[in-house]
Amino acid sequence: MDLLIAFIKIVFALVWFLVLTLYLTWLERKESAVIQDRIGANRANIFGLRIIGLFQPFADAIKMIFKEDFVPAFANKFLHTLAPFLSFFFVAITVSAIPFGDKLDIGGRSINLQVLDLNAGLLFILAMLSLGIYGIILSGWASRNRFTLLGGVRGAAQLISYEVALGLSLIGLIMVYPSLRLQEIVGFQGENLFNWLPKWGVLLQPLGFIVFFFAALAETKRVPFDLPEGESEIIGFFTEYGGLKWGLFMMTDFMEIIIISCLATTLFFGGWQVPWMGSDGFHFPWGGTWLLPHGIVVLFQLFAFNVKVIFFCWLQILIRWTYPRYRYDQLMDLGWKVLIPLSLINIVGTGIMIGILK
Amino acid sequence: MIDALGYFIETIKGAFITARHFIVNMVYHVLKVLGIKTKRKGAVTIQYPEQRKEIARRHRSLHRLMKREDGKPRCVSCMLCVTVCPSECIHVEASEDPDPEIQKVPAKFTIDLSRCCFCGFCVEACPEDAIRMDTSKVEFAEYARPDMIYDLTKLLG
């Protein structure tokens with residue numbers, strides 16, 4: 001029975017992840033269009049039924065599946081094929097550590113709405129996101145093309161600049177929440193500051209959030225920091241890929257957006273916590289209570305988590321369609337000279353505040 | 001450092017500009033879905049095949065040859081359009097006309113639209129006002145190149 005529950009949880013999490021990824025491509029098209037006073041992709045239809053282009057991701061998928069699966073003659077075939085799967089796998093596996101909601105009590109069982117309740121879940125996600133770079137370096141190298149190799153090296157250099165800041169920005173957070181288990185971090189954010197303000201991570205660690213968000217944006221390798229791929233002009237690591245393998249790289253990008261949104265939500269915006277809602281309903285700070293049955297509460301939590309994640313996806317797409325790309329040296333400057341000192345200041349400041357408040 | 005802060009503020013402002021575009025346009029889109037008519041639209045684009053922009057009167061579109069009252073082409077095969085055409089896409093072969101006032105009519109008059117650059121020189125050169133570019137037709141894509149060569153009957157319409 002436990003095995004069955006685990007299986008169902010895995011299936012649900014993966015389906016949620018992949019469907020959100022598919023529709024993130026749709027959101028990207030539509031949002032960029034609305035920002036630029038256009039309408040966006042609305043022609044894909046089934047028997048003339050368009051519904052604002054919602055079938056577009058499926059049309060894309062069909063197109064990519066029927067394209068030629070091309071491997072250049074000079075490339076290392078095994079590694080060339082392995083690279084997209086590696087980068088896809090390492091992102092897809094991170095969803096297992098994301099807490100979607102609190103415990104669901106059904107038939108005397110208490111099901112944790114999280115695939116894997118690791119006690120170092122945060123480290124697991126960060127480690128898997130960093131391992132994703134292997135796919136990029138490998139694809140750049142296995143294509144045996146100078147330009148893709150340069151793209152892979154750029155990716156590696158960018159990763160080194162940002163991974164340090166990403167890790168350091170979260171240390172302040174770990175100092176405040178005395179746990180690395182994501183479910184506990186979320187539970188901790190359910191309390192209130194001064195009895196009315198939800199105790200979300202962003203209020204405790206504003207500087208940490210800013211550094212984290214910048215570094216995480218660089219981690220997704222999208223436009224302000226898209227040096228490894230450079231989809232508009234410079235040639236990136238997946239130049240020699242086409243069809244579904246290229247699609248896997250593209251999906252990896254979108255999945256990274258979702259994972260970054262999940263992380264930002266979980267760590268800094270209360271995860272599945274709804275403001276002022278406990279396990280039995282709302283307890284408003286002005287004294288009122290609104291008691292709800294357990295099922296409704298869980299639904300509320302799932303809904304809140306999804307809304308927050310989609311908001312962050314929206315924000316990242318907005319950023320992608322607002323800014324031009326950073327120049328290479330500017331990017332390095334930002335990483336080493338701005339974000340890392342800021343995150344160190346954050347750690348010291350957090351330490352001092354904890355010392356004073358104790 | 002002060003400079004860097006200034007740049008940072010400007011980039012944040014940029015994000016607010018795109019966010020404003022998004023929100024304002026979304027409001028108009030939602031109003032349209034709800035069936036409320038507004039003066040402004042959410043998008044400035046024209047949904048082309050269904051919705052077309054009116055073509056200006058002076059727009060140089062597909063050529064046509066003009067006819068006399070009796071239905072014969074006005075063209076007198078003077079070859080001025082052939083001479084002036086920079087793309088060399090007009091081909092005319094003359095033949096004799098029994099009417100001594102006209103003397104010549106085109107036996108063949110073909111325009112290779114795959115070469116035509118729509119400069120309108122042929123229209124300006126024509127002394128008989130026999131060729132015009134005012135049909136307002138702008139869609140004449142074909143699957144094969146030979147279909148792009150328009151002959152006399154096609155041009156006379």
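1. In chain B, strand E3 is joined by two bridges to strand E5 (residues 149–150), and these strands run antiparallel; B:Ile111 stands opposite B:Tyr150 in E5(B). Two strands pair here if DSSP finds at least two bridges between them, and strands (E, at least two residues) and helices (H or I, at least four) are DSSP runs numbered from the N terminus.

2. This is a predicted model, in which local features need pLDDT of at least 70 and side-chain atom pairs count only at pLDDT 80 or more, while totals for chains, interfaces and linings use all residues. Residues are numbered from 1 along each chain as its sequence is written, with chains lettered from A and ligands numbered from 1 in the order in which they are written.

3. Strand E3 (residues 104–112) of chain B also runs antiparallel to strand E2 (residues 90–96) of chain B, to which seven bridges join it, and B:Glu93 has B:Lys108 of E3(B) as its bridge partner.

4. Chain B is divided into domain 1 (1–45) and domain 2 (64–156), with bounds that come from an automatic or database domain assignment, and the C-alpha centres of these domains of chain B lie 51 Å apart.

5. Between the chains, 12 residues of chain B are in contact with 11 residues of chain A, contact meaning that C-beta atoms, placed from the backbone, lie within 7 Å. The side of chain B that touches chain A has six nonpolar, six polar and no charged residues, where Ala, Val, Leu, Ile, Met, Phe, Trp, Tyr, Cys and Pro count as nonpolar, Asp, Glu, Lys and Arg as charged, and the others, Gly among them, as polar.

Key: Two residues are in contact if their C-beta atoms, placed from the backbone, lie within 7 Å.
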